[in-house]
Amino acid sequence: MQYTNLGRTGLKVSRLCLGTMNFGPVTPEPDSFAIMDRALEHGINFFDTADVYGWKKGEGVTEQIIGRWFAQGGGRREKTVIATKVYGDMGDVSMGMGEWPNTSRLSKLHIRRALDKSLQRLQTDYIDLYQMHHVWRDSSWEEIWEAFELAYQQGKVLYFGSSNFAGWHIAQANEAARRRNFLGLVSEQSKYSLVQRDIEREVIPAAEFYGLGVIPWSPLGGGLLGGVLQKITEGRRASEDMQKQIEARRPQLEKWEALCAELGEKPADVALAWMLQNPVITAPIIGPRTLDQLDGSLRALEIKISDETNGKLNELFPGYKTSPEDYAW
């Protein structure tokens, strides 16, 4: 396994991050346990989750599964850098409130309640990386940092990150933290892949300037980059929405899969390897549903993308210059 620092921190995390959103709804608990055990065997120490994962509002099903896995001992918690998120509505069951205000978003009240519930479900006394799942413009940065600073002082959270932020949100948040002599955001989790490169305009430059590690979610473009033309009848690839996306991009995907075949590599591995060559990228999030999928993903760490291949990829999936150069002189 390869490791890197999480942004400007001294924390070492694996270059692949284990996404857990499938745990519970798609992957049964015993299989989820096996995947997490195998991840540690491979040296993957960075796991990402969220309080809302699990498809049952307010229950935090996925966090509960991870918590029961931690509770088995054997150094599982000690070996794992656990990242979770706050923002979504958790008011149905875990708070015992049903439909009620202040059970979502980023008020100081909800952050306090949601953090304590995540700690209970994860069966741990601290979270390594606590991330805002989305920006919330109704809360001031002073309010948010007050809540986060208290969590840090209480030893409940070590680092803080964002997810789905614009570049100017990152700047706002970290300038507010700077005024408070606080470390601020150390990571940004964004949607990023060869088929969706929008964050190259402003988010990646902002992250680089402020020393945030970028943690891409959906690095395979929702499955489009995973050899979808060969697996078109399997699982979610057979859905009506996916079929529409495939047909809209079919000529592009045919060239993509042909290029990967020419390289002698699986499309998913090439897509991840392309991302890993960018030093601002900390670790793309992989979401294996099986042990075989997890084992196979490690190949991406070994692939080196040549300048010639990069040129072909940029021609096939055009990216963006930084703003304003992308749209102005």
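How many residues does helix 6 have, and how far does it reach from its first C-alpha to its last? I started my notebook there. Helix 6 has 13 residues and reaches 19 Å, close to the 18 Å expected at 1.5 Å a residue. A reminder to myself: this is a predicted model.

**Entry 1, the whole chain.** I stepped back for an overview. I looked up the secondary structure and got eleven helices and ten strands. The radius of gyration is 20 Å, close to the 20 Å the globule rule gives for 329 residues, so the chain is as compact as a globular protein of that length. Along the principal axes, the C-alpha atoms fill a box of roughly 55 × 50 × 35 Å. I also checked burial: 53% of the 329 residues are buried.

I traced an open sheet of eight strands with parallel pairing, in the order 9-8-7-6-5-4-3-10. Its edge strands are strand 9 (213-217) and strand 10 (285-286), each pairing on one side only.

Is strand 7 largely enclosed or open? Six of its seven residues are buried, so the rest of the structure largely encloses it. On one side I found strand 6, running parallel to strand 7 and joined to it by five bridges. Here Leu129 stands opposite Tyr159 of strand 7. Strand 8 also runs parallel to strand 7, with three bridges joining the two. Ser162 has Glu188 in strand 8 as its bridge partner. I followed Glu188 onward and saw that it stands opposite Val214 in strand 9. Strands 8 and 9 pair in the parallel sense over five bridges. A general point I noted: in a regular strand the side chains alternate between the two faces of the sheet.

I wanted to know how the chain gets from strand to strand. Strand 6, helix 5 and strand 7 make a right-handed β-α-β unit. From strand 7 the chain then crosses through helix 6 to strand 8, and this β-α-β crossover is right-handed.

Helix 5 covers residues 141-153, which makes 13 residues. I get 18 Å from its first C-alpha to its last, close to the 18 Å expected. Which of its residues are buried? They are Trp141, Ile144, Trp145, Ala147, Phe148, Glu149 and Ala151. I kept a general rule beside that list: an α-helix has 3.6 residues a turn, so residues three or four places apart point the same way. The cover over the buried residues of helix 5 includes helix 4 (108-122), strand 6 (127-132), strand 7 (157-163), helix 6 (167-179) and strand 8 (185-191). After the helix comes Gly155, with a positive phi near 80°.

I returned to where I began. The buried residues in helix 6 are Gly167, His169, Ile170, Ala173, Asn174, Ala176 and Ala177. Helix 5, strand 7, strand 8 and helix 7 (203-210) are among what covers them.

How values were computed:
Residues are numbered from 1 along each chain as its sequence is written. This is a predicted model: local features need pLDDT of at least 70, side-chain atom pairs count only at pLDDT 80 or more; totals for chains, interfaces and linings use all residues. Side-chain values use heavy atoms; hydrogens and water are left out. Helices (H or I, at least four residues) and strands (E, at least two) are DSSP runs, numbered from the N terminus. The expected span of a helix is 1.5 Å times one less than its number of residues. Buried means under 20% relative accessible area, exposed over 50%, partly exposed in between (1.4 Å probe, protein chains only). Contact means heavy atoms within 4.5 Å. Two strands pair if DSSP finds at least two bridges between them. A crossover is right-handed if, with the strands pointing away from the viewer, the path from the first strand over the helix to the second runs clockwise. The radius of gyration is taken over C-alpha atoms; the globule rule is 2.2 Å times the number of residues to the power 0.38.
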